[in-house]
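Visitor: Please show the structure, and then take some questions on how the chains meet and where space is left.

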Amino acid sequence: MSATQGETPRLEVRGLSKRYGPVLANDDISLAVAPAELHCLLGENGAGKSTLSACIYGLAVSDMGEILVDGQRLDLRSPADAIAAGIGMVHQHFVLVPRFTVLENIVVGTGSGLRLDLAAARGRITDLCARLHLDIDLDRRVDSLSVGEMQWVEIVKSLYLGARLLILDEPTAVLTPQESERLFALIAELKGSGIAIILITHKMNEVMRSDRVSVLRKGRLVATLTTADTTRDALTELMVGRSVATIEARHIAASQGASLSVRGLTLSAPRGSLIQAIDLDVAPGEILGIAGVAGNGQDELLETIAGIRAPRAGTITLRGEPMSSLGAAEVAGRGVGHVPSDRFRDGLARDFTIAENLILGQQWLRRWRKGPLLDRAAMAANGQDAIARYAIATTGPEQPSGRLSGGNAQKVIIAREFAKAQHLLLLNQPTRGVDVGAIEFIHAEVLAKRDQGCAVILVSEELDDLFALSDRIIVMFRNEVMGEVRRGAFDKTAIGRLMAGARAA
Amino acid sequence: MRMLEHLGWRVVRADASPARTAVWVSASLLLAVLLSALLFEAAGASPAAAFAALLKGAFGSWRTASETLVAATPLIFTGLATAVAFRARIWNIGAEGQVFAGAMFAYWCQHGLAGFSPAIQLPVIVLGGLAGGGLYAGLAAILKTRFNVDEVISTVMLNYIIVYALSLLLLQGPWSEPGAFFEQSAKMDPGSLLPLLSGGSRLHAGFLLAVAAAAVVQVIMTRTPVGYEIRAAGSNLRALKVQGTSPARVILMVMMISGALAGLAGVAQVYGVHYRLKAGALTGYGYTGIIVAILGQLKPWGVVAAAIVFGALVTGATFMQVKTGVPSALIYAVEAILLLCYLAGWAAARFRLKRVAHAG
């Protein structure tokens, strides 16, 4: 189903370049996508996938190059221009009005003039859904839909607006494995009706289901390949620029007894609970994985254990000592490190240097002070150590953190938190948005920490990562633990069912 | 923006390198001088003569130069107060009221001590000023952290409250000068006055205190855990909270330091210049301090420099009026022109116009 010669491609990009300040985000990129083709954009963070799709969808204007749809050259100045040209895009974060119904969300902002002909729209949308075998009640409110269903609404909305080319930006990041399967079934239906799809992803098993794949690295198009003619390893090597070893956790027997013990932990919010009666134990030298779609209470659980939130009920004990009533600084003082999921929001002060960020929260500790003043020499030495130990790519400890790449920023946080974590390490999506080389490194560091006898809790949406590292996996859904799976019994289908809310038998 | 694009231009972000910023800011200050010149021209004077008179009036002799420093003194305090708060991204617009609170609390502590030696009275007024301004600003901090009241609203409101409170105390209250017609306190006890630094000028010890305060703020901001927390709050308060540092504590601390500095401006005016407690001695310095802080780039020595420039403008304006007939009130327009041009230059350094090729 690749673009055959002679046929007009649905989308053609010719010599597209886009520069952001000193960074050439897209460098002379040319590619073509045929009608009914599923075309993958593959690349590490910062490789230029987002910039390219932003240019195609009119969110950014390219400095050079041309974009053609069905042979027509376009002058894209805004998403409105792109939509008019038959281009649709589904973002990672949905753009829906929660209180509106499905129907209202689809037609909002589409009418010309003031009159809204809902009846006619309903007819067209019902036809569309029937053709795609989608079963959505158009009168349900969007806030009552599951995440997967909201994604359908976004897709139907694009089609209703006349999309012939659909860009999907990491669509499975928010889905359970089962929901992802449904999405791929829908993609097959879309292809059947001649719609071209650009899929942005970094998950190899999804890439392998495409017709063709374009690999980007450092802003350049490295290759466009017919997927059937290539392999995962070859693609990874193209993406990273070298071959990557996959880490398998050597499973060492965890010592007996719990290091961390959580009982009946409940956190309440003005509307309902954020986590509900959670029990868990982690032994020294054990990695407990927590699977689940983001937003099912994982952040809150880790933040409560870390002392950032005060629980309403329940107990947390570390090495036999209660710590449910301690604040975050005191918990850290007990030998607990916490890597938050959103590194620039929760983990770093952008205006601070690396050396300053490495002592965030510890500014009053004697270690970093000389009398009433901060001990700059000690901070700089600490910064040098961290840069060497964690291979942080930077000009030195005095470099402002705001200029670091995602992977290097994460390494700064990891350096700080791993140093604190004598007994317990809480990791929330430690490798999200980090390039493959750094992921390898972070995984190795986590295993080293475990080998030193530290208890580790690892929250991740990537089942592959959890399977590689965890000794046990628990699954969270709607703020509760749905079940537990031990190493040796890891199974994507079973865990996927728990992620979707089915209870373990 | 669309119109620009039709003409083939587009506004894009540019790297704000120090050199680029310096060029744009210098150019914008030059523009401020040009616009002020037009203003003087419109007032019927030769701009050259007006600037010359302004300069002579501000720095022409030790006497005028010392007057410039006297005028700069309260602005250094309020500029520092604003700079500390703004560095933490806490928008304390209440330096105006905190100046009043500092002066009033100092007076409340001191006015019973008439006759005591300066060695007792001077520490009392300085500590009283710090405490009064700090506590009054602390009120806004508590409103913010406990009741989630935006500090911009609360500090502006508190500015009004304190002005009327002073009026009440001076008009018919216990602090009014017996038998006097004016809304002011009795003359201060000689032992409480800030010592003059040289005969023949009004320059008082408050100026040295202001310079010392700038040095202390500089050290606090760059070298101490307190300054670390202030800067961290300005960059990412949430990250600080995740690490166990209480945002409420940081906000209270920042506001109290800020208010305490502003409070000293009140002490300097009342005990260094006017020798009476009255609204006229205190009005306007808080708001001007915001401009001074911004022009000083929220840095202590920048604040001192900007405050001296503003002191010079005010001091030189009188001479300019006498010499060239330009109304001295126009100097407030010059201050505003300076601020707006500076802000424009600062923004211009961060953006540039780019020629876009028109496709199609």
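**Cavities and interface**

Guide: By class, the second largest cavity has a lining of two nonpolar, three polar and three charged residues (Ala, Val, Leu, Ile, Met, Phe, Trp, Tyr, Cys and Pro count as nonpolar, Asp, Glu, Lys and Arg as charged, and the others, Gly among them, as polar). This is a predicted model, in which local features need pLDDT of at least 70 and side-chain atom pairs count only at pLDDT 80 or more, while totals for chains, interfaces and linings use all residues. Residues are numbered from 1 along each chain as its sequence is written, chains are lettered from A and ligands numbered from 1 in the order in which they are written, and side-chain values use heavy atoms, with hydrogens and water left out.

Visitor: Which element gives the most to the lining of the second largest cavity?

Guide: A cavity is a set of points on a 1 Å grid over the protein atoms alone where a 1.4 Å probe fits but cannot get out, and lining residues have an atom within 4 Å of a point. The lining here includes Asp299(A), Leu302(A), Glu303(A) and Asp346(A). With three residues, the most is given by helix 9 (residues 298-305) of chain A (helices, H or I, of at least four residues and strands, E, of at least two are DSSP runs, numbered from the N terminus).

Visitor: What is the volume of the largest cavity?

Guide: Two cavities of 30 Å³ or more are found in the whole structure. Residues lining the largest cavity include His338(A), Glu417(A), Val242(B) and Gln243(B). A volume is the space filled by probe spheres set on the grid points, which are joined across faces, edges and corners. For the largest cavity the volume is about 80 Å³.

Visitor: Which three residues supply 27% of the area that chain B buries against chain A?

Guide: The contact (heavy atoms within 4.5 Å) takes 36 residues from chain A and 29 residues from chain B. Buried area is the accessible area (1.4 Å probe) that two parts lose on being put together, summed over both; between chain B and chain A this is about 2,800 Å², with 50% from carbon and sulfur atoms. The three residues, supplying more than any other three, are Arg223(B), Tyr228(B) and Gln243(B).

Visitor: With which residue does Arg238(B) form a salt bridge?

Guide: A salt bridge is a side-chain nitrogen of Lys or Arg within 4 Å of a carboxyl oxygen of Asp or Glu. Between chain B and chain A the count is two salt bridges. For Arg238(B), the closest N and O atoms are 2.4 Å apart, and the partner is Asp346(A).

Visitor: How many residues apart are Arg212(A) and Glu37(A)?

Guide: The side chains of Arg212(A) and Glu37(A) meet in a salt bridge of 2.8 Å, N to O. Arg212(A) is in strand 9 (residues 212-217) of chain A, and Glu37(A) is in the loop between strand 2 (23-33) and strand 3 (38-42) of chain A. The pair links distant parts of the chain, 175 residues apart.

Notes
On a 1 Å grid over the protein atoms alone, a cavity is a set of points where a 1.4 Å probe fits but cannot get out, and a pocket is an open set with protein on both sides within 12 Å along at least five of seven lines; lining residues have an atom within 4 Å of a point.
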